[in-house]
Amino acid sequence: MQVCPTCGSGNLVKNGSIHNKKPKSMCKDSGRQLTKNRKKEEISEEKKNIVDRLLLEKISLSGISRVLWISESWLQDYVNDKYAQASQTL
Ligand SMILES: [Zn+2]
């Protein structure tokens, strides 16, 4: 279940946005708006550096995701971005 990152309350209500149709919810206790964005998982720069090193060691994505507690879908996106950038610089 999703909880409010501000006050930790689970008292959330659905609050759909008219503009972009993204599912949104709002905390009834603190009034904070929460947007669900699958791709914007918070990964620290430090963790990304470790990911880079593990990738160089040819560790599988599922292995990295298990070790660092990162979702495989985030990793897949990250790797895709990386390769897209690399192919542009060539
Ligand atoms: Zn709250």
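Student: What share of the 90 residues of the protein counts as buried?

Tutor: In this predicted model, 6% of the 90 residues count as buried.

Student: Which elements does the protein contain, and in what order do they run from the N terminus?

Tutor: There are 3 helices and 3 strands. Their order from the N terminus is β-β-β-α-α-α.

Student: How are the strands arranged in the sheet?

Tutor: The 3 strands form an open sheet with antiparallel pairing, in the order E1-E2-E3. Strand E1 (12-14) and strand E3 (33-35) are the edge strands; each has a single partner, so one side of each lacks a neighbour in the sheet. On average, neighbouring strands are turned by 30° against each other, direction ignored.

Student: How many bridges join E1 and E2, and which residue stands opposite lysine 14?

Tutor: E1 pairs with strand E2 (residues 24-27) over 3 bridges in the antiparallel sense. Serine 25 in E2 is the residue opposite lysine 14.

Student: Turning to the helices, where does isoleucine 59 lie?

Tutor: Isoleucine 59 belongs to the loop that lies between helix H1 (45-56) and helix H2 (61-68). Its contacts, leaving aside residues up to four places away in sequence, are Leu54 and Ile64.

Student: Why does isoleucine 59 count as partly exposed?

Tutor: A residue is buried with 20 or more other C-beta atoms within 10 Å of its own, exposed with 12 or fewer, and partly exposed in between. Isoleucine 59 has 14 C-beta neighbours inside 10 Å, and therefore counts as partly exposed.

Student: What percentage of contacts between residues at least 6 apart in sequence join residues at least 24 apart?

Tutor: For the protein, that figure is 19%.

Note on methods. Residues are numbered from 1 along each chain as its sequence is written. This is a predicted model: local features need pLDDT of at least 70, side-chain atom pairs count only at pLDDT 80 or more; totals for chains, interfaces and linings use all residues. Two strands pair if DSSP finds at least two bridges between them. Helices (H or I, at least four residues) and strands (E, at least two) are DSSP runs, numbered from the N terminus. Axes are lines fitted to C-alpha atoms, for helices over the stretch in contact, and angles run from 0 to 180 degrees between N-to-C directions. Two residues are in contact if their C-beta atoms, placed from the backbone, lie within 7 Å.
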